[in-house]
Amino acid sequence: MKNLKYALLLLLMFGCTKDMEFMGPMSLVPENLKIEEPVGLKLESIFTTNQVSINVKLPEDGTYRLKIRNIDNTLISQERLSAKEGDNLLSIYTKNLGKSSFTVELTTDNHTVLGRAVFVNQ
Amino acid sequence: MKKLLTLLFIFFVGNIFAQDMKLDHSYIDPAGFVVGDTITVKFNTLDWNSSNSAPTLVQYDFQWNNKLLQFIDYTWKVTGNGTNSTAQTAWNTWNGYKFSGDSSFAANKLSDQYNSWVAGDASYGTNADYNVGRITIQDAVAIEHGDSHIEVRFSIKNINSTNYTDYSETTNLNWARAEDNSTGTVYDVDGMTMSVNLGNVSVPTDGGVTIKVDVPHSNKSDMGYSVYHNTQLDATSGYPKQDELPQFSGNFDANGEVVLNDLYQDEEYWIGIHANKGTDQWLDEVITVTDVYKIFQYSLDTDINGGGNSWEYYIQSILAEVTNDQTVDFDDSYELLAHINGVTTSGNVTSDTNGAFNLSGLLTTFGDDQVPFNHKFTPSANQSIFTFGHGLRGDVDFSHSTTPTSTDAKVGGANTTAKTSTQEILMSRAVEQANLDISSRLEEGKVLVDISTTKAGMVGVQFNISFDDTMLELDDIIYDTGNEMTNFGNVKGNKVSFGSLDYKGDVSVKTGTPYKLIFTPKQQLTNTAGLVTFKITEGVKQDGTKVKLNIQ
């Protein structure tokens, strides 16, 4: 009887706790890639060699563009990608760009600019 | 009233204490310069308003007037200041650009100018008189104020060969940013000395002889010269004897100029001008689908009519002849078609692999019918500036060559009008602009590059694309250009040359997405940004108009 009381007590305790929410795959944003603003982009480092991580924070799921421009704003590389609302950890592959300073630009699919950042490829 | 006072107080205090740092630049040599002197310009920051700013990242742009200053070299000082020995540093330059700041802010509000530039409200435009330098420094600890970051050396040029009247503005600060990466703190930077003013520079009455090369491209500092005295010339050919070495040689500056101080008055000299591919490797951009189309059209006309003689300028028959058989025909067309297809050609075709095949002469007679290339000049008390033209074999549309200015250089003289349809096609005409959408994407494990255009009427299109061959392998090029269009494509290393050309000009490339490239990744990718870059994107219309395809 005593055991039954304990069992009922335990059942009541767990019965009254909030259901555990299912957690999807964790998307941990490193401190140096966190973006405070609701939309924008942030590079892991201003200096790059072959590859640099970038966080792209978006207002909603959709198709966006990552553009790489040289000093006179000429577009030299462009990716069209589907991304989700919030943080998206991506890469910029810089080996093929040559040694110079470039601007990476995040736009909507119809070219509205959401953010820009400068990097130096060495 | 109280609210108004509060607002005024916030505005007043806000404006006083908005700036955290100053960026300064100045020369460190004793004043009193003469032309040819070297000046050293140092750059440093200062903490301002006792804000205790501690930036771990500083980046700024400046520009210098390349007609007044000749860049020599730079030396990093920040890594020797005792605090920032492990700082990462970068020096980047661009020739022929000038900053157009945001007029909403004063020029010395460097942080505001940076923010405007990033937002697209300030920009760099092409300007042959200016070069831009970008300085980037990042460290794990704060970058010291007061100490020099970098020292940049310039040689002072003779103002007499320019349109400038003084040396008051030889450099300018354009924008600056400063951040503490460890806390995310962004500092506000103002400029201190915004321009370097050299004051009164003594200009010698004998300012040397200025040699200019008048070419329509931005790689002028990759142009070289060799000057011989007339006693070094072969009496028969008029060219320098085989074993003679030039008395003066070197490269032109970014403005296409050089001042030679040791030439003698009233002595005759001979100059040869040549192009080097340099670090930009621009010689592959000289001959494009427009040149190929025009030479095909000329060859068609010549073959049908037995010699259409349809060039606009005499020099075009020299530029177009790349097979050394003294005639322009289909052999030349196919040789140049092979070049734009990325195939190595004979040495007569200007390319990065072959080098330049140069033609040069005094501009006033450049391309003349009788003596197209006059290499000789004689400095005198009355003439110390000489301008030369320069051409590259294969470049019949003068995209990288001097268009002749002399009436004797035009077939039929000054008032030539096109009499045949071929002559219409071969006439020089303004370049058209059109939009193009090229983008890469990741789909089902493949990297796809889509090339889309709405521009109709192009009988030829050419693309040069490079890719990171450590990450990608090209599988295929898919053409959807129309059933009757002739396509070409070739891969050499990490470069893909492809396009289409109907050399008769009868059919044009389909609009939509006429080209698609498919790559297989060599390793797992999250996305594709930067893996594929675009170099040449050009089209040509049936009437011979070059179409510059601007990527959106």
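Guide: Leu23(B) lies across from Thr45(B), a residue of E3(B). This is a predicted model, and the pairing described here is read from it. The two strands concerned are E1 (residues 21-27) and E3 (residues 38-47) of chain B; they run antiparallel and are joined by 7 bridges. In general, the strands of a sheet pair through backbone hydrogen bonds, in either a parallel or an antiparallel manner.

E1 and E3 belong to an open sheet of 5 strands in chain B, ordered E5-E8-E3-E1-E11, and the pairing in this sheet is mixed. At the edges stand E5 (69-76) and E11 (189-191) of chain B; each has a single partner strand, so one side of each has no neighbour in the sheet. From one strand to the next, the twist averages 25 degrees.

As for the chain as a whole, chain B is divided into domain 1 (22-202), domain 2 (223-367 + 395-428) and domain 3 (432-551). The centres of domain 2 and domain 3 of chain B, taken over C-alpha atoms, are separated by 29 Å. In the contact between these two domains, domain 2 of chain B takes part with 19 residues and domain 3 of chain B with 20 residues. On the domain 2 side, helices H3 (289-305), H5 (330-340) and H6 (421-426) of chain B each supply at least two residues. H3(B) gives the most to that side, with 8 residues. By class, the side of domain 2 of chain B that touches domain 3 of chain B holds 9 nonpolar, 6 polar and 4 charged residues.

Chain B also meets chain A: 36 residues of chain B are in contact with 31 residues of chain A. On the chain A side, the elements giving two or more residues are the strands E4 (62-69), E5 (75-83), E6 (86-93), E7 (100-108) and E8 (113-121) of chain A. E5(A) gives the most, with 7 residues. The residues on this side of chain A divide into 15 nonpolar, 10 polar and 6 charged.

Confidence is the remaining point for chain A. Its mean pLDDT is 84, and 78% of its residues reach 70 or more. Among the elements of chain A, E4(A) has the highest mean pLDDT (97), whereas helix H1 (residues 2-16) of chain A has the lowest (50).

Methods
Residues numbered from 1 in each chain as written. Chains lettered and ligands numbered in written order. Predicted model: local features only at pLDDT ≥ 70, side-chain atom pairs only at ≥ 80, totals over all residues. Domains from an automatic or database assignment. Contact = placed C-beta atoms within 7 Å. Helix = DSSP H or I, 4+ residues; strand = E, 2+ residues; numbered from the N terminus. Nonpolar A, V, L, I, M, F, W, Y, C, P; charged D, E, K, R; others polar. Pairing = 2+ DSSP bridges. Axes fitted to C-alpha atoms, helices over the stretch in contact; angles between N-to-C directions. pLDDT = per-residue confidence, 0-100.
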